[in-house]
Amino acid sequence: MTLIQATSPDRLSGGDEEAFVTTNRSVWQRLLANPTAMASIIMLTILALSAVLAPLLAPGNPLRVSPADRFIPPGAEHLFGTDNLGRDMLKMVLHGGRTSLLVGLVVTVISMSIAVVLGAISGFYRQVDVVLMRLVDGLMAFPGIVLATAAAGIMGPSMTTVITSLSIVLIAPSLRIVRGQVLVVRELQMIEAARAVGVPTLRLFTRYILPAVSSPILVQASFIFSAAVLGEAGLSFIGVGIGPKELSWGNALTEARNYIAQAPWIVLFPGLALMFTILALNLLGDSLRDILDPRLARRR
Amino acid sequence: MLRYLGKRFLLILPTIFVPLILVFLLLRLSPGDPAGMMLGDQATAEQIAALRTQLGLDQPIWVQFLLWLKGIVTLDLGNSIFFREPVMQIVPRYAGVTIMLTLVALTLAILIGITMGLISAMNRNRPIDRGVVTTAVLGISLPEFWFALLLIFIFAVTLRWFPVAGYNPPSAGVIAFASTIFLPALALGVRQSALMTRMMRSSMLDVLNEPYITTARAQGLPESKVIGQYAMRTAAMPVVTVAGLSAGYMLGGAVAIEIIFALPGLGRMLVEAVGRRDYPLVEGGVLTISLVLAVLNLAIDLIYAILDPRIRYQ
């Protein structure tokens, strides 16, 4: 039997409410049965573990300069080689990942939370919706990195600045998706029934609407995570990110580009780590979407 | 058609004003005195006060907002603090490079996307399709600034086919221009081309299932005509639709690409202006990018309306 996921209006009819519950309960099982999803989960576990365990795996200050060890190619002693200041690249990549993933996680949580609240309001109140959607239109078309660059210049480069500006920029696409889902779900009979028996709006939202819109939120969250990691790296790379005293993959690449001819490995490894992360998150998002919306999966 | 265009034009206004208002608010509401920061430690109190008056910072915020709106409407964006000349004279010098870069990158992305998507869909589930799909997933995950560094290492440093950095304007000749714009445009276009490949592939697969394609084939039309004339035109529509979003994304990505390849474009100008706290120039840069995007989106809407007559009557 195929499970119906009611994410699109044409799939919705009176009896489909049950599909929401069934879908959400078995997401894990179906994720585990999907090879792409499994691969991405394994990749993300490796990344998370290496970030958390970085101080144990590579003890010592990753930014410690050692002039005698400049430009050592990858080998037994330095697995990823050393950079122009004699810093161990493996250490830089492991410790840099902590910042990159932390920023990604925090930005995802902040922007998705705001998007869910505003999306729910937007889906329920037409007057607010008109204003919010125009704001979203404005934010969606404009390149977020340019806004974030301007913000970093004004507020000064720091982790807080990066998190704030990326969160603001990434609210817009998620808000649009949550709102669309809420618009679909609010027309369901179960919501009508709940309203008829007098369930208060807040409870209606937390108890009935939120669970029903959680699947697309989950898919969106993995894409927002990857956009946030990429955004932080891009901002830090051009020097308006987390600031030179902190270490992230983007920061590590900033100076590396000046030595690309002499020591290509210092460009290679932080970038590979970045790509590996984004790939894992994109694969997770893709397979989640396939699992949650079989209508799309058919075409892949 | 005119009514349709008028409606589209109104919808584009938020695209121009939302980013500008955000930057305006950030600038005015963030702690610290911009005038003091712009002039540095050695400035006297009189100098700071004079600059505050010149920038209108001593006025209430709503007056500042109205003055700022007036400035935008009359295209008087003030003087750059660093260059000491009108923003309106500086920005166009840089904007051309960025527009060129984005247009070339967008063209590359659309060409690659449509071709690869088509090849993939026509060979569904064969090895070549799997190869394209896998490459597209990798392409979407490729940070463009890192890809740019890889391109430089392979094609400029090792093979020496292209210069490492620098820019020749189109007036310097097609080959000179192409040699400096190709690598940056490729780096900037690669993620979007991967996205477009996936989009083209899935929309082509959908279109090939449509009854009118079956009819066309049943009538004995040659396959090249069925695909080239009937299927492709419909399938390419979603790709055209996202071109506007892609262009916006590329204008953002152009910041890093311009820095890496030392292209004298808007993105680099913006980062330098941000570094120098040259706020009038920052606002001018953001305004220009908004305007470029608005014009581009309007152009895409036009193309869309020409391709699909139904759009005009909605």
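**A covered helix and its surroundings**

In this predicted model, helix α10 of chain A, residues 249–256, is mostly covered, since 6 of its 8 residues are buried. The buried residues of α10(A) are A:W249, A:G250, A:N251, A:A252, A:L253 and A:A256. The cover over these buried residues comes from both chains: it includes α2, α4 (89–124), α9 (201–237) and α11 (265–292) of chain A, together with α7 (144–158) of chain B.

One of the covering elements, α2 of chain A, can be followed down to a single side chain. Helix α2(A) spans residues 35–52 and holds A:S50. A:S50 counts as buried because its relative accessible area is 17%, which falls under the 20% cut-off. A polar atom of the A:S50 side chain lies 2.9 Å from the backbone oxygen of A:L47. Once neighbours within four places in sequence are set aside, the contacts of A:S50 are with A:L57 and A:L94.

The cover of α10(A) also includes an element of chain B, namely α7, and the account now turns to that chain. Its secondary structure amounts to 13 helices and 0 strands, and the pattern along the sequence is accordingly written as a run of α elements. Along the principal axes, the C-alpha atoms of chain B fill a box of roughly 85 × 55 × 35 Å. Of its 314 residues, 48% count as buried. Among contacts in chain B between residues at least 6 apart in sequence, 72% join residues that are at least 24 apart.

Chain B is divided into domain 1, residues 2–73, and domain 2, residues 87–312. The C-alpha centres of these two domains of chain B lie 32 Å apart. Contact between them involves 19 residues of domain 1 and 16 residues of domain 2.

Of the contributing elements, α4(B) gives the most, with 6 residues. By class, the lining of the second largest pocket divides into 11 nonpolar, 7 polar and 4 charged residues. Both domain 1 and domain 2 of chain B give residues to the lining, and the second largest pocket therefore lies between them.

Two loop residues of chain B call for attention in the backbone. Most residues other than glycine have a negative phi. B:L75 lies in the loop between α4 and α5 (87–122) of chain B. Its relative accessibility is 46%, so B:L75 counts as partly exposed. B:N125, also a residue other than glycine, has a positive phi near 65°. The loop that holds B:N125 runs between α5 and α6 (127–140) of chain B. B:N125 is partly exposed because its relative accessible area is 45%, a value between the 20% and 50% limits.

B:R310 is found in the segment after α13 of chain B. With a relative accessible area of 62%, B:R310 is exposed. B:R310 and B:E283 are 27 residues apart along the chain, and their C-alpha atoms are separated by 39 Å. The exposed B:R310 thus stands in contrast to the buried A:S50 of helix α2(A), one of the elements that cover the buried residues of α10(A).

Definitions and conventions: Residues numbered from 1 in each chain as written. Chains lettered and ligands numbered in written order. Predicted model: local features only at pLDDT ≥ 70, side-chain atom pairs only at ≥ 80, totals over all residues. Heavy atoms only, no water. Helix = DSSP H or I, 4+ residues; strand = E, 2+ residues; numbered from the N terminus. Nonpolar A, V, L, I, M, F, W, Y, C, P; charged D, E, K, R; others polar. Domains from an automatic or database assignment. Buried < 20%, exposed > 50% of the residue type's maximum accessible area, 1.4 Å probe, protein only. Polar contact = N/O pair within 3.5 Å; in protein donor to acceptor, adjacent residues only side chain to side chain. Contact = heavy atoms within 4.5 Å.
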